[in-house]
Amino acid sequence: MALARTDDAAELERFREMQRLCYRCAAEVAATLEPGVTEREACRRMRRWLLSNGVDDWLHTPFAWFGDRSAFTGFRTPAAFLPSGRRLEEGMPYILDMAPVRDGYSADIGYGGVLGENRVWERLDTDLAEYRTLILELVRRRRPFAEIYAEVDALIERQGYRNRHRKYPGRVIGHQVGIIGGILPRRVGFPFGVRFLQTLGRELVKERLEGRSPLWNGARRSQHPPTPGLWAVEPHIGFRGVGVKFEEILVVTEDDAYWLDDDLPHVHRWAARADEAAPNEKANA
Amino acid sequence: MTTVPSPARRARKVRGDGVDLAVYEQGDPRRPTVLLMHGYPDTHAVWDEVAAELAERYHVVRYDVRGAGASSRPSGRRRYTFSYLMADLRAVLDATAPDRKVHLVGHDWGSIQGWEAACTMPDRFASFTSISGPCLDHVAHLTRRGLRRPTPRDLKRSLGQALRSWYIYFFQTPLLPETLWRAGITRLFTRALEAGEGVAPRAGHPARTLARDGAAGVGLYRANMTQRLRRPLDRRTSVPTQVIVPTRDLFVSPHLVAGLNARAPRLSLRTIDAGHWVVRSHPGVIARWIGEHITGATGGTLTPAGSRALRRARVEAGRRPFEGSLVVVTGAGSGIGRATALAFAERGAEVVAADLDLPSARRTAELAGLVGPDAHAFEVDVSDAGAMEHFAKTVLHDLGVPDVVVNNAGIGMAGPFLEHTAEDWRRVLDVNLWGVIHGSRLFGAAMAERGEGGHIVNTASAAAFTPSRTLPAYATSKAAVLMLSECLRAELKGHGIGVSAICPGIVNTNITRTSRFVGLAAEDQEQRRHRASRAYALRNFGPEGVAEQIVAAVRRDRAVVAVTPEAKVSRLISRLSPGLMRLLARLDIG
């Protein structure tokens, strides 16, 4: 069974609500970020905001990466992902990443931004839009996950960037999400939620029996067509100390796929930028 | 453009402080005035070649310093102090350019006087170019600071300059120097000049009056050196100053420019691989640099190459090491080429990204423009002589002579020798070897002609010294590149152009995905590529690491750089035990 029923509109709506809640949190916390704030402080603000909005468990506690940490520069151990004392400065890129659970319904999002102006970040963020289209199209064509991963890698190379999602545990570009439950207490164990780990562990075993995996990476375990369910997809690209990512839920059904929600800040940002660029292109032509 | 008056020299006498000075003018007097000051033991004639070039655009004034050439010779040490010299200079300025600022250029003692003039009467000069003649007060302060903080480096530098200054101590001894000059040491001097500096005698230099000039000019040292070095003044100037440093100067250490920007905040620094008499050995370069400095100081318009040169020379805090350099990279659309282009751009270089695939070259240029100055993209097939010639011509015409050329484009080919067809061989040699030949030939010639040095980097491979039954064509082509680089390095050394061969080893780039595995069907080919790519990906050494090494090789002028540990080990074994290498070559690693 999948972690979520993709044919149940009401259930999907709950997930959509949850994802919107996360993006609202990200936007509101991002608006409060000022020069000098540390990653730890930013995470604290996200956690408080979410808890005051009914969140009761975590897939993982919120993350924030500032400056070149947004591109995982110098990350060698898993501990490097944890929020640090790095302070935000003018022109610095940042990424906020959170995965809360409320009443069992979970979401996992990544929100990239920059404090002030940064040309490199603008370029990367513009190019990131391509991955959203590419991934969706390849999943719709039901290409094996590992192949999609390779196609994403090829695009990263063409664009001249570096694959940063390979730094995530399991080198994943995505993972399944769904309803989190279980008998274990709602606790967090560095930095993953205990119930999430329990669910994930169960799924790893179950899916393995079917030759699949709830984790999506470029390895042999992902050499299978897209599994129906909800997938948190998180392409993360980096260039010279600047990293950007988006993370949102992709709904995969037996024969189709679509993004759970198109009403998201990065989608609007890209659309606005495309509108801005289009008249210029006409003028140039 | 108005007609250029004949560069004929007009001579006259100007009354200095108690002496008659022989003054020579060339060029249209309505144009900006450039005053060229000669050193010791020269006369104004040391500038003949430079003056002739400058006279086409400027009003060029020269004079024989008191005691030299056709100027009169005061007797007594006191008559050579800075106050007399400055009075002479003022007299010449009043006579030739009374109501405007002039551009001052000094060589050797002319430059030492120039510093004094630029610091004491800055309102009379629009720019100053100093060649091989330091500000004495600066040298004194620098030496004191070095002795106060006697680190090994400071001591080494102080000692270096102390040894270079042997003649200064000698000139302090009474009578002996004069006696030697008069006793016919001039012939020895002329011969030493030719042997040591490559400066052949010609009419006017060394001057016929050399014996007298040498003897009288000793006064300059006796009247000023010890005084200034013992009690240095705090000299500073607001005049835009360009210091030209010949790196093989036997008399003035290049390190003397350290900390100079505190004295001259508007400072530019240019080094040239030449000896002390650089105005004779490289007159074209010197005239061009003087012209560029003048144009920059007066806010004139420059060619792209000229304005880049000024940016390259500028001394300021936070300046990036390749600011104002032009760097050409072939095969810049991916892998090591792209990473190299970006590494140079990040350090301030203007990058020309060339690749067979134009969109990928454009992408590299776009990324380079994000981290550095605006870059350019070109489509070029390095194996095509005609295309390469066209490419080089376009770059030289539109952008100027590159300072660094990275001949990086290459293709991979693997499989048994007996399976390689003649066409396979042609292809691999055309790209890997001929591409490097064309790039080195076309850009190397332009660099040598410009005379300002430069650097050529050729991407060879660890395969260049690692024989293998699986890579006969590829390894052969790369071994040729390595040898070509070594030969070229020997030849271009004299032009101040460095040549480096880079031997990366196993680097994770798309070369494995585009390599040809000879003698295989299409699907086996694909499988091999996939296998090789996986192996290279597992090795996980990124092209960025190679790019850093290439930048370092240029900065330190390294001959051969083995990049990855396996390349280093292979190079070591190939030297220590070629027999072991031959044994390993038999392994079929395809």
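Val404(B) stands opposite His455(B) in β14(B). The two strands concerned, β12 (residues 404-407) and β14 (residues 454-459) of chain B, pair in the parallel sense over four bridges; strands count as paired if DSSP finds at least two bridges between them. Strands (E, at least two residues) and helices (H or I, at least four) are DSSP runs, numbered from the N terminus.

This is a predicted model, in which local features need pLDDT of at least 70 and side-chain atom pairs count only at pLDDT 80 or more, while totals for chains, interfaces and linings use all residues. Residues are numbered from 1 along each chain as its sequence is written, and chains are lettered from A and ligands numbered from 1 in the order in which they are written.

β12 and β14 belong to an open sheet of seven strands in chain B, with the order β11-β10-β9-β12-β14-β15-β17 and parallel pairing. β11 (376-379) and β17 (560-562) of chain B are at the edges and have a single partner strand each, so one side of each is left without a neighbour in the sheet. From one strand to the next the twist averages 15°. Helix α16 (residues 472-492) of chain B lies across β14 and β15 (497-503) of chain B, at about 165° to β15(B). Such angles run from 0 to 180 degrees between N-to-C directions, with axes fitted as lines to C-alpha atoms, for helices over the stretch in contact.

Val404(B) is also among the residues that Val327(B) touches, as are Phe322(B), Phe344(B) and Val406(B), not counting residues up to four places away in sequence. Contact here requires C-beta atoms, placed from the backbone, within 7 Å. Val327(B), Val351(B) and Ala353(B) have the most contacts inside the largest nonpolar core, which has 80 residues. Helix α12 (residues 335-346) of chain B gives the most to this core, with seven residues. A second, separate core of 76 residues includes Ala26(A), Met46(A), Ala99(A) and Trp216(A). A nonpolar core is a set of buried Ala, Val, Leu, Ile, Met, Phe, Trp, Tyr and Cys residues joined through C-beta atoms within 7 Å. A residue is buried if 20 or more other C-beta atoms lie within 10 Å of its own, exposed if 12 or fewer, and partly exposed in between.

Strand β4 (residues 59-63) of chain B has five of its five residues buried. His59(B), Val61(B) and Tyr63(B) point one way from β4(B), and Val60(B) and Arg62(B) the other way. The pairings of β4(B) are listed below.

| Strand of chain B | Bridges to β4(B) | Sense | One facing pair |
|---|---|---|---|
| β2 (residues 20-26) | four | antiparallel | Tyr24(B) and Arg62(B) |
| β3 (residues 33-37) | five | parallel | Leu35(B) and Val61(B) |

Chain B is divided into domain 1 (10-313) and domain 2 (326-585), with bounds from an automatic or database domain assignment. Their centres, taken over C-alpha atoms, are separated by 44 Å. Nine residues from domain 1 of chain B and nine from domain 2 of chain B make the contact. On the domain 1 side, α10 (283-297) and α11 (304-313) of chain B each supply at least two residues, and α11(B) gives the most, with three.

Between the chains, eight residues of chain A are in contact with nine residues of chain B. α3 (119-140) and α4 (145-159) of chain A are the elements that give two or more residues to the chain A side.

Methods:
Two residues are in contact if their C-beta atoms, placed from the backbone, lie within 7 Å.
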